[in-house]
Amino acid sequence: MEAYFIAIGIIALIYVILSLGLTLQYGLTGLINFGHVGFFAIGAYTSALLALKGVPLVLSFAAAAALAGLAAWPLGLVSLRLRDDYFAIVTLGFSEVVRIVITSEGWLTNGVQGLPGIPRLYEGLGGSAAQLAVLVTVLAVTLVGTWIIRRIAGSPFGRLIEAIRDNEEAVQALGKDPARFKIQVLVVGAALAGIAGAFYAHYITYIVPDQFIPLVTFYVWMAIIMGGVGRVSGAIVGTAILMLFLEGSRFLRDIVPGVSEVDMASVRIGAVGLLLVLFIMYRPQGLMGDYTKR
Amino acid sequence: MTHTRRQFVGTIGAATALIGAPSILRAQAQGTFRIGALCPVTGSGSPFGSGMQKMIIAAAEAVNAAGGAAGRKIETISEDTQTSPQAAVLAAKKLIDVNKVQAVLGTWSSGVSLAVVPLTNDANIILMNTSGAPALSVPPANAKGLSYRFQATNDRFGRAFAEICEREGFRRPATMAFNNASGVGNTEGFRKAWEAKGHKVVESVVYEPNQPTYRSELQKVLAANPDVIVTGSYLADTTIIMREWYQSGQPVKWVMPGWAASPELVKAVGPDVVEGIISVDSVSNENALSYKAYDEAYRKATGQPGQSNVYAAMTWDMVHALALAIEAANGTDMAAINAKIREVSNPAGQQVYTYAEAKEALKKGKINFEGASSVLDFDQYGDVTPDFGVFFIEGGQLNRRYVVKI
Amino acid sequence: MSLEIHDISKAFGGFRALDGVRLTIETGSLFGIIGPNGAGKSTLFSVVSGFARADEGQIRLDGQSLDSLSPPARARAGMVRTFQVPREFRHLTVRENLMAAAPKQTGESLLGLFFRPGRVREEEGAIAERVNETIRFLKLSAVADQPSGKLSGGQKKLLELGRALMVEPRLILLDEPFAGVNPVLIGEIMERITELNTRGIGFVIIEHDLEALTRLVPQLAVMDRGKVLAQGAPQAVLDDALVREAYLGGVS
Amino acid sequence: MFYAQLLVNGLVQGLVIGLAALSITLVFGIARFPNAATGDFMTFGAYSALSAHKVTGSIAMGGLAAIIATGVISLLAYLAVFRRLAERSVVALLVASIGIAFFIRAVLGVAFGHSQQVFQVPLSRPYVFGSVRITPLDLQLALVALAALALVFAILYLTPIGRQMRAVADNRDLARVSGIRPDRVMIALWLLAGSVAGIAGMMLGIKTIVTPEFGWEMLLPAFTAGILGGIGSPVGAVVAGLILGVVQEVSTPFVGFTYKIALAFIIMLAVLLVRPRGLFGRLEGAR
């Protein structure tokens with residue numbers, strides 16, 4: 001039983017790390033990043049490939065963060081020239097391009113065959129002790145990430161990115177270059193997503209391009225919208241609800257017989273959709289409130 | 001705000017109750033052996049997944065009707081992998097840790113099987129899959145020898161394709177593959193085997209899913225003037241490709257895996273289009289009694305012919321092989337059961353086809369279970385080594401002309 | 001020391017919004033620009049502050065060419081603009097709006113934020129001090145900790161002025177500071193501007209409200225259809241026949 | 001000749017994308033958000049057409065069913081959700097449209113199952129021009145796309161409601177001031193956008209196969225075409241669809257069949273950076 005909860009906890013925390021990045025990018029800065037899964041994928045593949053070559057995991061995680069962050073750099077430059085909604089589509093396209101490149105460059109990524117046998121964290125500990133250790137590690141990283149985002153939000157930097165979100169031209173008129181801030185925000189968020197990807201790769205132990213589809217990005221968006229945009233607590237609570245919902249539906253079927261497994265999948269996605277619409281309509285500030293009510 | 005928090009805490013409480021409840025409801029009953037039916041009910045495996053799951057349940061019923069295995073009833077708990085490794089890992093964790101299953105059956109795509117096998121290995125339980133990836137045969141995936149593959153590997157399929165092409169006298173084969181592990185695996189397997197015979201593949205195309213048209217892909221293949229096209233494809237893409245090929249008017253023969261060139265394909269595009277297609281299937285056993293039993297169960301559960309879902313035949317066999325091993329081991333010790341799986345399935349021994357019959361025969365001596373999906377003999381890696389049935393589509397019917405042994 | 005606008009032209013499609021505008025404005029002065037709707041006043045501000053690119057012409061501030069500078073760089077060069085419709089950071093409080101405007105903050109770089117926390121704290125203290133001063137000066141104390149989105153139109157105009165002041169510019173370009181502001185507050189804003197001017201900060205003010213502007217500035221220019229019609233002391237300019245023709249609709 | 005055939009293939013692919021993009025660009029131009037439910041509107045249209053075709057045996061009836069049913073669903077989505085979010089941010093509308101997309105897909109999944117369905121239409125041999133083959137279905141597709149485009153044009157430029165739609169697209173506030181009732185315009189818009197999506201879904205369904213997910217998969221190419229063509233430009237959407245289709249197919253000898261998909265995004269990005277309003281977009285005022 002508890003091993004199952006540990007598993008859910010690990011996956012949930014990976015999603016929390018993803019939503020922390022999006023909180024910084026969208027919640028605070030107003031950048032509509034619809035390509036989050038692209039950075040997640042870059043992190044996962046970077047760390048997995050290095051680890052499979054025998055690089056110590058500490059270094060492979062660092063490389064995952066660095067490479068994912070680096071990949072965000074050009075997007076930051078592009079973001080300055082595009083309207084918000086165009087930026088959303090461009091980032092979505094970016095994540096698809098990442099997936100296509102991973103699919104096609106088989107010499108590096110093993111293409112559609114995927115990478116099996118990615119070393120697990122704390123392999124030496126074995127069994128449930130290792131699982132617990134992974135959970136604790138992800139938790140620690142999540143806490144550090146949370147601390148960083150909170151620290152940023154409450155700082156002069158945070159003040160300025162919120163100003164950019166509210167009115168970018170006014171920021172320019174005050175002698176500050178929004179570009180610099182947007183790029184940093186994209187890079188930090190992407191680096192976090194890269195770390196989340198590394199955890200994912202070493203936890204699932206097998207990665208293949210079709211795990212990195214836009215649905216992952218949408219899940220993260222759902223989490224922050226349900227939790228409350230622009231609030232760190234919102235990211236955490238929203239992810240918790242999302243996981244509860246996605247995993248809880250398994251048990252729903254155990255208890256309520258008669259719903260076939262096929263229908264259950266439809267019911268699940270339909271309920272996610274309905275929930276999203278209802279939240280947007282009736283509780284746009286999410287459960288924890290949004291940035292307007294701090 | 002406080003109002004919201006209270007609501008939220010309430011939600012958490014309710015949900016915890018929800019999660020906690022089944023473990024109480026499902027407290028381990030005495031005298032059962034639990035298996036998890038972990039199938040791709042949704043996602044890209046959805047054409048097969050629910051049929052696979054139903055056949056696990058139906059086979060378990062057949063076992064139970066014959067008095068169970070080692071005096072125990074088989075209890076099945078179903079989960080959906082969503083054909084996604086992440087969802088599959090959580091589902092497998094739930095099956096193993098919450099439902100305490102002692103075997104996981106029915107994982108389909110290689111990605112899912114590769115992600116789940118470390119978990120079943122950790123728990124020291126058996127995993128039975130229908131995936132094609134070679135990596136599943138060897139460590140680390142099969143380090144403990146607890147993983148069994150009921151589907152021919154991609155390489156085996158490729159070798160069968162090569163045998164068929166040689167036998168049919170084709171000289172200039174080309175390949176078309178759906179861009180995933182299994183699709184590309186099949187055509188690459190074919191290429192290796194074909195080149196080992198000293199021949200050449202004239203053109204190879206790998207295509208992406210969900211395209212509105214595959215005409216350019218076809219055009220490239222047809223431009224090489226092949227006399228046959230060998231595919232690693234699925235039903236949906238094959239449907240589109242067949243239509244577009246037919247409209248191109250260029251004559252060529254096709255060799256396809258059975259899950260693509262199936263009765264559904266005939267139904268979707270009409271008998272004229274698919275006339276003469278060679279459909280290759282590891283289900284070579286459709287005259288066996290075990291196949292008849294499976295076909296009957298499948299028709300009863302889904303209203304479709306058993307032939308339309310080869311993987312369902314495999315999951316049917318999974319339950320049989322497992323239950324017979326439990327019976328032979330006369331207990332639930334996993335090591336003992338694992339040791340018996342090959343013993344009850346492989347030659348020599350009395351050939352048996354149904355659980356009731358096999359159970360009887362087991363009292364007298366060594367048995368050799370012949371499955372619905374294949375004769376069900378496992379090699380040292382836990383892979384089945386099926387023969388391949390070679391079907392020709394003629395007048396809308398799939399007629400078996402011969403069997404290829406690898 | 002002056003802002004030199006040299007033969008600036010700017011067209012949108014076929015429409016010439018600015019047509020060879022030439023103006024020289026003393027940096028420390030109070031200077032007004034009037035003209036009917038569509039005369040090109042706001043476009044001129046956009047071009048001067050760098051938000052729109054001129055098709056032709058040059059702009060220099062105190063001898064330094066601004067032509068290749070981005071809008072933020074022009075602001076840093078000492079010339080800050082405001083907007084016709086106030087662009088407050090609506091989710092930030094008045095205080096935060098002002099603090100965000102302070103230049104050269106160490107805490108605005110992530111490196112500085114995480115590696116020089118002491119310095120950041122120190123700076124924040126100093127900025128808060130200046131912000132308090134500005135709030136008192138603009139008489140915004142009552143609303144200092146309210147989200148700026150909730151302010152009245154006039155208060156937002158004051159806030160924009162305050163934000164501009166925080167940048168410590170030599171020249172402020174005010175785009176219709178009195179539009180939509182109640183008369184009491186207009187007087188208030190005018191007082192502040194005059195006081196700031198005595199401290200050496202120059203203003204260029206676009207205004208629709210002729211009467212208010214003539215009370216405030218000793219020098220003004222009249223624009224119409226992208227051209228400067230006349231320039232000089234208010235009375236002299238208003239007496240100009242061309243101006244009367246264009247701006248006052250030929251009332252004579 | 002090899003390239004001529006690729007060109008034809010690209011045009012066919014482009015027509016499908018262009019039709020979907022037409023629906024997207026109408027909504028994007030007038031209601032001002034990228035409607036992520038468009039793909040699932042297409043799916044809905046395909047299933048409507050499929051059902052009508054099964055019952056009546058007529059493709060024309062199928063088309064009619066797709067147009068009407070999808071128009072109605074699209075209108076319902078507006079009345080129930082989008083109308084109430086009219087004053088909210090683009091993201092709110094975008095996310096709500098994703099929610100609606102999921103919901104429609106779920107309902108279709110439960111109602112029709114997940115197995116593939118096909119339109120049982122007889123296959124016919126192609127017309128051969130030199131070595132270029134064009135199937136009757138291609139021509140029908142082209143005719144339908146042109147008809148849809150013509151219809152959209154006729155509505156936009158010849159009817160009073162169309163003029164009002166264009167006015168709202170140009171400047172919503174100004175339109176309101178000049179006495180246009182936005183609600184009527186929006187109702188017309190959503191009916192029109194839904195109908196176009198429905199017919200696009202049916203055409204895609206006839207060409208390929210129908211599953212509950214199949215429309216969603218077309219969304220990204222359609223968005224790309226809509227933006228590339230210039231938001232709010234019906235001609236732009238269809239032309240951009242054709243350009244994307246042709247570039248993708250003609251490039252396959254050089255980049256292969258996987259990277260051709262990435263190529264679409266790269267073209268879009270390049271065009272946006274040089275010409276932020278897209279190929280046919282009007283100059284938009286300052287935000």
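How many residue pairs are in polar contact between chain A and chain D, both residues being at pLDDT 80 or more? In this predicted model, the count for chain A and chain D is 3 residue pairs. Salt bridges across the interface of chain A and chain D number 0. The area buried between chain A and chain D is about 3600 Å², and carbon and sulfur atoms account for 78% of that area.

The contact between these chains involves 39 residues of chain A and 41 residues of chain D. On the side of chain A that touches chain D, at least two residues each are supplied by α4 (84-104), α10 (214-227) and α12 (261-282) of chain A. The largest contribution to this side comes from α12(A), with 13 residues. By class, the side of chain A that touches chain D comprises 27 nonpolar, 5 polar and 7 charged residues.

With regard to the other chain pairs, 5 pairs of chains are in contact, and chains A and B share the most contacts among them. Chain B and chain C are not joined by any contact; the closest C-alpha atoms of chain B and chain C lie 19 Å apart.

Within chain C, the domain assignment gives domain 1 as residues 2-88 + 153-246 and domain 2 as residues 89-150. The contact between them takes 18 residues from domain 1 of chain C and 19 residues from domain 2 of chain C. The centres of the two domains, taken over C-alpha atoms, are separated by 27 Å.

Between domain 1 and domain 2 of chain C, about 1600 Å² is buried, with 68% of this area on carbon and sulfur atoms. Of the area that domain 1 of chain C buries against domain 2 of chain C, 39% is supplied by E88(C), L159(C) and M166(C), more than by any other three residues.

The two domains of chain C are linked by 2 salt bridges. Elsewhere in the list of ion pairs, R130(C) forms a salt bridge with E168(C), in which the closest N and O atoms are 3.8 Å apart. Polar contacts between domain 1 and domain 2 of chain C amount to 5 residue pairs, both residues being at pLDDT 80 or more. The elements giving two or more residues to the side of domain 1 that touches domain 2 are α6 (153-166) and α7 (183-198) of chain C. Of the elements on this side, α6(C) gives the most, with 9 residues. The residues of this side of domain 1 of chain C divide into 7 nonpolar, 2 polar and 9 charged.

How values were computed: Residues are numbered from 1 along each chain as its sequence is written. Chains are lettered from A and ligands numbered from 1 in the order in which they are written. This is a predicted model: local features need pLDDT of at least 70, side-chain atom pairs count only at pLDDT 80 or more; totals for chains, interfaces and linings use all residues. Side-chain values use heavy atoms; hydrogens and water are left out. Domain bounds come from an automatic or database domain assignment. Contact means heavy atoms within 4.5 Å. Buried area is the accessible area (1.4 Å probe) that two parts lose on being put together, summed over both. A salt bridge is a side-chain nitrogen of Lys or Arg within 4 Å of a carboxyl oxygen of Asp or Glu. A polar contact is a pair of N or O atoms within 3.5 Å; within protein, one must be able to donate a hydrogen and the other to accept it, and residues adjacent in sequence count only if both atoms are side-chain atoms. Helices (H or I, at least four residues) and strands (E, at least two) are DSSP runs, numbered from the N terminus. Ala, Val, Leu, Ile, Met, Phe, Trp, Tyr, Cys and Pro count as nonpolar, Asp, Glu, Lys and Arg as charged, and the others, Gly among them, as polar.
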